[in-house]
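Here is a walk through one protein model, taken a piece at a time. Keep the sequence and the 3D view open as you read.

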Amino acid sequence: MAAITAAMVGELRAKTDAPMMECKKALTEAEGDMGRAEEILRVKLGTKAGKAASRITAEGVVTAYINGGIGALLEINSETDFVAKNDEFMALANNAARLVAEHNPADVAALLALPLDGKTLDEVRSALIGKIGENMSIRRFQRFETTAKLASYLHSGRIGVMVDFDGADEQVGKDLAMHIAAMKPVSLSSDQVPAELIEKERSVAALKAQEDADKAVAEGKPVQSPEILAKRLEGSIQKYLKEVSLLNQAFVKNDKQSIEQMLKEKNTTVKAFTMYVVGEGIEKKQDDFAAEVAAQMAANKQ
């Protein structure tokens, strides 16, 4: 059997970017055959990536790419915040956003099939999973193509915003993106707020009104008429719509102005915007450390 030297391990690591010990094990199994060792690693890393694929990815980053009137906002997830700060993970995210802008893929599957450095984006992702040992997944993206202007804002990589706007002042676009990250509107105008969100708010307001009525009865106080309660309910809905629609929100840099008033003053219009918050809506795994230790101890006794 050929001796496995440090130089051989270093060469294999340079070719595959796999962990040092994995390279040494592969070379040992391949009896020093570099080509066979590469194949062994490809299988092992692929297996490792497959095992990781079932684990929840609720951390990660949002990244943005803009080139003229074409841009992309993309969320890529990892299992831990530590990996989300890894340079190679960030490079993967940035490359993915660029590919979205340049190739306009129909969905995440089409994006993963795009070429990157002689491989597909999915192969690059899988190799990085194998190297780091943690699952990573591209969750969503939004591509912009406009004859106007694009501006983006990333807050600690956790919140990302891209705005399609038309106006002479570039700073207005940046201010809009920062405002959206801070105030988190769900739509551009009140008439664009999704119906399901309005119904949810209506249900909450109705329950609150019923609680107030029950409390008044219990305290022997007069109960408001159905007409007045209906007006209160409608008032709550209108207040909610103003709070969650961008144009009606108070501008964070000048709360005496609404966004709509600020835009009119700056002779600017907003066509569209997208905001992503990392892990929003993903159910994070809650680890039971005591149960995990007990299970490990039981397994060791077998």
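## What comes after α5

Let's begin at the end of a helix: α5 is followed by N104, and the phi of N104 is positive, near 50°. Most residues other than glycine have a negative phi. Before going on, bear in mind that this is a predicted model.

At the other end of α5 sits a cap. N86 caps the N-terminal end of the helix, with a side-chain oxygen placed 2.7 Å from the backbone nitrogen of E88.

## The whole chain

Stepping back for a moment, the protein chain has twelve helices and ten strands. It runs to 302 residues, and buried ones make up 37% of them. If you take the contacts with a separation of 6 or more, 63% of them are between residues 24 or more positions apart.

## α5 and its partner α7

Back to α5, which covers residues 87–103.

Two packed helices are described by the angle between their axes and the distance between the axes. For α5 and α7 (residues 121–132), the axes come within 11 Å and cross at roughly 170°. That angle is over 145°, so α5 counts as roughly antiparallel to α7. On the α5 side, the residues that meet the partner helix are E88, F89, L92, A96 and L99; on the α7 side they are L121, V124, R125, L128 and K131. Sort the residues of this contact by type and you get seven nonpolar, three charged and no polar.

## Two residues of α6

Now look at α6, a helix of residues 108–112. Leaving aside neighbours within four places in sequence, L111 is in contact with L74, A96, L99, V100, P105, L121, I138 and F141. Two of those names, A96 and L99, are also among the α5 residues that meet α7, and L121 is one of the α7 residues in that meeting. As for F141, it is 30 residues from L111 in sequence, yet their C-alpha atoms are 9.7 Å apart.

A109 also lies in α6, but this residue counts as exposed, at 56% relative accessibility.

Which residue does the side chain of H179 join through a polar contact? The partner is Q249, and the contact between the two side chains is 2.8 Å. H179 is found in helix α8, residues 170–183, and is buried, with a relative accessible area of 0%. Beyond its neighbours within four places in sequence, H179 is in contact with K184, L246, Q249, A250, F251, V252 and I259.

S78 is another one to click on. This residue has its place in strand β2, residues 70–78, and counts as buried at 0% relative accessibility. The side chain of S78 reaches the backbone oxygen of T80 at 3.0 Å.

## The helix α9

Helix α9 takes in residues 195–218, which is 24 residues. From first C-alpha to last it reaches 35 Å, close to the 34 Å expected at 1.5 Å a residue. The buried residues of α9 are I198, A205, A209, A213 and A216, and what covers them includes α10 (226–244). Just after α9 comes G220, with a positive phi of about 75°.

Where is S156? Look in the loop between β6 (149–155) and β7 (159–166). S156 is not a glycine, but its phi is positive, about 55°. At 64% relative accessibility, S156 counts as exposed.

Technical notes: Residues are numbered from 1 along each chain as its sequence is written. This is a predicted model: local features need pLDDT of at least 70, side-chain atom pairs count only at pLDDT 80 or more; totals for chains, interfaces and linings use all residues. Side-chain values use heavy atoms; hydrogens and water are left out. Axes are lines fitted to C-alpha atoms, for helices over the stretch in contact, and angles run from 0 to 180 degrees between N-to-C directions. Helices (H or I, at least four residues) and strands (E, at least two) are DSSP runs, numbered from the N terminus. Angles under 35 degrees count as roughly parallel, over 145 as roughly antiparallel, 65 to 115 as roughly perpendicular and the rest as oblique. Contact means heavy atoms within 4.5 Å. Ala, Val, Leu, Ile, Met, Phe, Trp, Tyr, Cys and Pro count as nonpolar, Asp, Glu, Lys and Arg as charged, and the others, Gly among them, as polar. A polar contact is a pair of N or O atoms within 3.5 Å; within protein, one must be able to donate a hydrogen and the other to accept it, and residues adjacent in sequence count only if both atoms are side-chain atoms. Buried means under 20% relative accessible area, exposed over 50%, partly exposed in between (1.4 Å probe, protein chains only). The expected span of a helix is 1.5 Å times one less than its number of residues.
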